[in-house]
Amino acid sequence: MWIVLIPLLPALAFAVMVPMSRRARTAARWLPLAAMSGSLLLSFAAFAKTWPGGAQEPVWRASTLLTTLGGAPLSVGMRLDPVTAVMLLVVTVVGVCVQVYSLGYMHRDARQGWYFAVLALFSAAMLLLVLAGDFLLLYMSWEVMGLCSYLLIGFWHEQDAPRRASIKAFLTTRVGDVGFAIGLAAMWSYAHSFDFTVVLQNTAWTVGAATLVSLGLLAGAMGKSAQVPLHVWLPDAMAGPTPASALIHAATMVAAGVYLVARALPLFHAAAPWVLVFVMFVGASTSAVGGILAMVQYDIKKVLAYSTISQLGYMFIALGAGSEVAALFHLTTHAFFKSLLFLGAGVIIHATHTQDIREMGGLGKTMPWTTGTFLFGALALSGVFPFSGFWSKDDILMTLWTQGTWYSLATLVVALVVAAITAFYMTRVAIRVFAGRACSLARETHLDMIVPMAVLAGITAVIGFASPAFAGFLGEVKGWPDLGMAIVGSLAATAGIGVGVWIYAFGGVDTQELRRRFPRVTAVVDNGFYFDLTYNRGLVAAFGWLAGVLARFDTSAIDGVVNGAARAWSASSRAMWEFDGSVVDGAVNGVGALVKRAGDRMRTMQAGRVQGYQRLGYAGLLAMITLAVLVPYIGVAAASGLALVALIVVGAIVVRGA
Amino acid sequence: MTVGPTAFMALAGVLFCIGLFGALTKKSAVMVLMSLELMTNAVNLNLVAISRFMTPASMAGQFAAAFNIVVAAAEIGLGLALVLALYRLRKTVELDRIDRLKG
Amino acid sequence: MPDSVAVVPFVILAALAVGGGAMMVLTRNVVHAAFWLLEVMMAVAGLFMLLSAGFLALIQMMVYAGAVSVLVLFTVMLTLRRREDAERSLDLSWSAGLIALGVFVAVGAAIASFVPPAVVAPAVTPGVAEFGRALFTERALPFEIASVVLLIALVGAVWWAGGDDR
């Protein structure tokens, strides 16, 4: 039962901190760190309990019955199996590092206590997510994470950009989550269970049902993991505090989508074959879009954000190829090196007081520790031997190669190009930031922020060698990487680095000149392939238009209709005036005035008076009661007609009375 | 001659509807709160009466009514405090002058 | 414990309650309305007595007749600047009347279709002692929760009604 404590400790830290005053919360900011450290130790114990792994069956499970739904028991439960054990370690290690780092990073912020509390809640939700033994609990913690993400992106909510970014993130992921919820409903109606074992192993899925459910889950995963076309929130999410970006928007939460699909992969195999191809296509396009956009960003955090999108696309490629081991291994390595990069970026931003890499330079001399650790992360991300990224990328490339279908080979080409692009933009960032003219203001940061980065850098350097052990632990036999693929992958990385060095260190190409010469390409990449613009023009504008129409209808359209009617009538009456003078004219004006008065009255429905709303509410209640009472006697259509008439009558009287 | 639960229910219904009428019409926030109290009282009467005739031994309705009185007392206290705060802010307790919700 | 109650006290108390409620809604003076509300409360307390709910009648008197009426009168006093402000328009409205009537028709229809089940009345009427025993044993948790609710409401009321200097 002690496994329950792993998510419970940070949750308790959050619960303790919520009712505190701002000052007390600031004083208690070490509390989440203590809780996370406890979770870390327990995660090691859970790992040991799972050792040596290999089996798919959970080594521990617990569930509690909530209710029975349509005759089937609805229970939520937790389980511990090798995948969970690995994810627990990833989350707690990165979480503790980020907590330690945040103590230094946030120490001047007046509201830092709230930041730490939300970070604790987030950790609890993420740990619960990986421990969940069924899709329902997973979905619940998934949504709690979404809430924390929203709160942390909008942490500096007194500024405009974080506030907008938080709402954007919330709404965009919501689009995917609707798909998730539909998928869950379909899952329940077919399998009558949410339990992993029941759903994934003991249910004989038909192709159609499995397709529906897996597409729903995929939609949720695409929203959470920022896959094209739902990736637009992640770059904006960088408005939040950098350590939060490191934990949530690089290492853990955005990887939850990958985790979900990896968990549900048997379902994807049962679905129509094109579903997995679609997953691969989504991953390939995401990695390409993310990589290309990362090349042209000047904001260091945006580079890393697009890079995260690109790497998540990589994981989806692996999932599409049907290898959850490769995807999860890349998830693991990526969590370490990308959070390392974000932490480094945070230090750099603090030191230089800018996020624009054009205004940085020469930090290599003044900030040796930050430079060293950041370069570790950059090399890992670029896929350079022996850093961790090399191994996990190689896994994915090899999976694609062994699958051998035409689309997997096409994806392999895309993946290699993206690998080169990745190496290129990391070289660009590294040279711009660390080389060149020294920036006099920058100074090395304190030890409490260096240590977490050093820890992550150490892990990044060595964890790649665990590749076969990792696969074995998850129950797949895999040897050391194939030499040919390793050479091809390394060549791609080397090519990217070489081009980067040539352009940015030796000035081989004037990038501004390039921008000038290809204005159209520049416009496309500067606008992020027009995703945001399309959404704004299409969806947001459509909703805005609809809202505007309704608002006009509310305030002026009725008046307009009235006036228009009156004017039309009076125009025609003026024509008829010559025939029968004032009789018709009077009638017309009477009608016009009547309708105009009705319009004025209707306007008062929106007068903002609470009793008017109260009356309408009661009128609606009465209409519903009428409906409920009358339906058995006279049928749905007649009863709803009557109820509507009653509602209109009462509403009209309400308007008159108001 | 005696009466059963139906008479009490009808009485409670009448009281409730009088209170509802007051809550819907009165322009003074204090009057609205008083009408709400009348509605609460009608509910309490109903609870006690039904409990008296249906489950006389367990007194379930009496407990519900007691807690309802607690909630109603809290509500009227908060409501009147709000009215006072509103009065300080807007110098009026007329509900039809308070139309910040206007769309 | 008899299975029904005497009709004469019921009719008297019911008339007092309904009449007081109607007067409360129909009077022009807010202070008068507060006193009519007080009268309704006391009539309801009498009805509680009639229903052998002595303890409830007691707290009805103490909470409503005692505390709430005073609170209402104080609020009226604090929000009226002149004596004449207590006189108000009647604010009658057709739509509200129609809605209240509709609710009453719905409730009346439900009551009309209600058939009281046969219940065996206990030999002894449970009194205040039984009520108190149950309140502190099997219903202790809701009792404590109610006290917390009251405390929070107290703090909230002080906060809202408190001075301008925050």
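**Chat about a predicted three-chain model**

User: What does Asp160(A) count as in terms of relative accessibility?

Analyst: Asp160(A) has 42% relative accessibility, so Asp160(A) counts as partly exposed. Buried means under 20% relative accessible area, exposed means over 50%, and partly exposed is in between (1.4 Å probe, protein chains only).

User: Before I go on, what sort of model is this?

Analyst: It is a predicted model, in which local features need pLDDT of at least 70 and side-chain atom pairs count only at pLDDT 80 or more, while totals for chains, interfaces and linings use all residues. Residues are numbered from 1 along each chain as its sequence is written, chains are lettered from A and ligands numbered from 1 in the order in which they are written, and side-chain values use heavy atoms, with hydrogens and water left out. As for pLDDT, this is the predictor's confidence in each residue, from 0 to 100.

User: OK, back to Asp160(A). Which residue forms a salt bridge with Asp160(A)?

Analyst: Arg163(A) does, with the closest N and O atoms 3.0 Å apart. A salt bridge here is a side-chain nitrogen of Lys or Arg within 4 Å of a carboxyl oxygen of Asp or Glu.

User: Which residue does Lys168(A) meet in a salt bridge?

Analyst: Lys168(A) pairs with Asp236(A), at 2.9 Å from N to O. Lys168(A) is in helix 7 of chain A and Asp236(A) in helix 10 of chain A, so this pair ties together parts that are 68 residues apart in sequence. Asp236(A) is partly exposed, at 26% relative accessibility.

User: How many salt bridges are there over all chains?

Analyst: The count comes to 15.

User: What about Arg263(A), which residue is its partner?

Analyst: The side chain of Arg263(A) meets that of Asp81(A), again in a salt bridge, at 2.9 Å from N to O. Arg263(A) belongs to helix 12 (residues 256-263) of chain A and Asp81(A) to the loop between strand 2 and helix 4 of chain A, so the pair links parts 182 residues apart in sequence.

User: Is Arg263(A) buried or exposed?

Analyst: Arg263(A) is buried, at 11% relative accessibility. Asp81(A) is buried too, with a relative accessible area of 2%. Both belong to a network of salt bridges that includes Arg79(A).

User: New topic. Which peptide bonds are cis?

Analyst: Among them are the bond joining Trp51(A) and Pro52(A), with omega about 5 degrees, and the bond from Val228(A) to Pro229(A), with omega near 5 degrees. Pro52(A) is in the loop between helix 3 and strand 1 (60-69) of chain A. Pro229(A) is in the loop between helix 9 (207-224) and helix 10 (233-236) of chain A.

User: And what is phi of Ala226(A) near?

Analyst: Phi of Ala226(A) is near 55 degrees, a positive value in a residue other than glycine. Most residues other than glycine have a negative phi, and most peptide bonds are trans. Ala226(A) also lies in the loop between helix 9 and helix 10 of chain A, and Ala226(A) is buried, with a relative accessible area of 0%.

User: Where is Met59(B)?

Analyst: Met59(B) is in the loop between helix 2 (29-54) and helix 3 (60-90) of chain B. Phi of Met59(B) is positive, near 60 degrees, and Met59(B) is buried at 4% relative accessibility.

User: What is the mean pLDDT of chain B?

Analyst: It is 86, and 94% of the residues of chain B reach 70 or more.

User: Last one: how many helices does chain C have?

Analyst: Chain C has six helices, plus one strand. Its pattern along the sequence is β-α-α-α-α-α-α. Of the 166 residues in chain C, 37% are buried.

Conventions: Helix = DSSP H or I, 4+ residues; strand = E, 2+ residues; numbered from the N terminus.
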